[in-house]
Amino acid sequence: MNRNLFAATALTSLMLAVPAFAQETRTIAVSVPAATHGWTGGVVYHAQKAAEEIQAAFPNIEVIVKTSPSAAAQVSALEDLTAAGNLDALVILPFSSDELTGPVQSVADAGTFITVVDRGLTDPEIQDLYVAGDNIAVGSTTAKFLVDNLGGKGDVVVLRGIPTVIDDERIQGFQEGLEGSDIKILDIQYANWNSDEAFSLMQDYLAKYPHIDAVWANDDDMLLGVLEAIEQSGRTEIKYALGGNGMKEIIEKVMAGDPMTPIETPYPPSMIKTAIYMTAAQFNGQAPVRGTVKLDAPLITKDNAEEYYFPDSPF
């Protein structure tokens, strides 16, 4: 089934809940990392919004949201949740794939429906449902924009996040998107998805390279540091400074038609909300909700930016 149709069917089945199931009490636990940076702040925000909306619409469904500042804390949170009583479902964005796989397996062994979001477990057989964004598309969509708008040639610098599969996929997509063009990557280094580190790295790039046509920071937290460094430098030849993820400050730039940051690519923290709604649909619809859903990463422009703008979100 087409993934968009699959998602639409699941959400529709939730909204058109079958009365026969309406009185059966269900408990869904949601375990996510604490708001240690912008993107996870958005995850927490959207998880809490989903819990409020589902409980308001379906009083028989209790949604419990727990945040954890580390993998060890998330393991403890799972132990507390299971000790409190039987869970019908667990929606989890693992802090660490390796450290959470065993504990989630234990939850699944008790008969709990498992939804995994974003960072997969080391054993995907544990999950009933997997919801994630398309990291390769985050990179390739950005690269294709640069190819088209730089006329297929130019010099760019790249800021990576941290050594993870997510980061590797974004870089892979970006490099593949540049294939066949004469755009050269002058430098590519890690800035750990941190604005301050990105500011320092961009200062180094500016000192090292007298001409740069464009910058790609593969996360919007880093892009903020990049933009500050460019502004302080007074350099005027840089045509584009682009990021990724859908931070509201960057979406605002796109909506305003900012010439240096005219586009964005989404890796929305709201995917946790999609996952929670689809998990709830498992208990309110007649169709089982299982499988893998990968959210697209379309180009966000001034024309469609409002669709991706969440002004009340911290991200």
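Student: Why does Asn245 count as buried?

Tutor: Asn245 has 4% relative accessibility. Buried means under 20% relative accessible area, exposed means over 50%, and partly exposed lies in between, with a 1.4 Å probe and protein chains only. Because 4% is under 20%, Asn245 counts as buried. This is a predicted model, in which local features need pLDDT of at least 70 and side-chain atom pairs count only at pLDDT 80 or more, while totals for chains, interfaces and linings use all residues. Residues are numbered from 1 along each chain as its sequence is written, and side-chain values use heavy atoms, with hydrogens and water left out.

Student: Where is Asn245 found, and what is its phi?

Tutor: Asn245 is in the loop between β9 (240–242) and α10 (248–255). Such labels come from DSSP runs numbered from the N terminus: helices are H or I runs of at least four residues, and strands are E runs of at least two. Phi of Asn245 is near 125°, a positive value in a residue other than glycine.

Student: What makes Asn192 partly exposed?

Tutor: Its relative accessibility is 33%. That value lies between 20% and 50%, so Asn192 is called partly exposed. Asn192 is in the loop between β7 (182–190) and α8. Asn192 also has a positive phi, of about 60°, although it is not a glycine.

Student: Why is Ala207 called exposed?

Tutor: Ala207 has 69% relative accessibility, which is over 50%, so the label is exposed. Ala207 belongs to helix α8, residues 195–208. Between Ala207 and Ala275 there are 68 residues in sequence and 44 Å in space, C-alpha to C-alpha.

Student: How do you know that Arg160 forms a salt bridge with Asp168?

Tutor: A salt bridge is a side-chain nitrogen of Lys or Arg within 4 Å of a carboxyl oxygen of Asp or Glu. The closest N and O atoms of Arg160 and Asp168 are 2.8 Å apart. Since 2.8 Å is within 4 Å, the pair qualifies. Arg160 also meets Asp167 in a salt bridge, at 2.6 Å from N to O.

Student: Which of these residues are buried or partly exposed?

Tutor: Arg160 and Asp167 are both buried. For Arg160 the value is 14%, under 20%, so buried applies. Asp168 has a relative accessible area of 40%, so Asp168 is partly exposed. Arg160 lies in strand β6, residues 153–160. Leaving aside neighbours within four places in sequence, the residues in contact (heavy atoms within 4.5 Å) with Arg160 include Ile171, Tyr190, Asn192 and Met222.

Student: What makes Val157 buried?

Tutor: Val157 has a relative accessible area of 0%, under 20%, so Val157 is buried. Val157 is also placed in strand β6. Beyond its neighbours within four places in sequence, Val157 is in contact with residues including Leu186, Met202, Tyr205 and Trp216.

Student: How many salt bridges does a search of the whole structure find?

Tutor: The search finds ten. One of the salt bridges pairs Arg235 with Glu237, the closest N and O atoms being 2.7 Å apart. Salt bridges that share partners also join Glu24, Arg26 and Asp88 into one network.

Student: At what angle do helices α3 and α11 pack?

Tutor: Helix α3 (residues 38–57) and helix α11 (residues 271–284) pack at about 30°, with their axes 7 Å apart. The axes are lines fitted to C-alpha atoms over the stretch in contact, and angles run from 0 to 180 degrees between N-to-C directions.

Student: Which residues of α3 and α11 meet?

Tutor: Among them are Trp39, Val43 and Ile54 in α3, and Met271, Ile276 and Tyr277 in α11. By class, the contact has ten nonpolar, one polar and three charged residues. Ala, Val, Leu, Ile, Met, Phe, Trp, Tyr, Cys and Pro count as nonpolar, Asp, Glu, Lys and Arg as charged, and the others, Gly among them, as polar.
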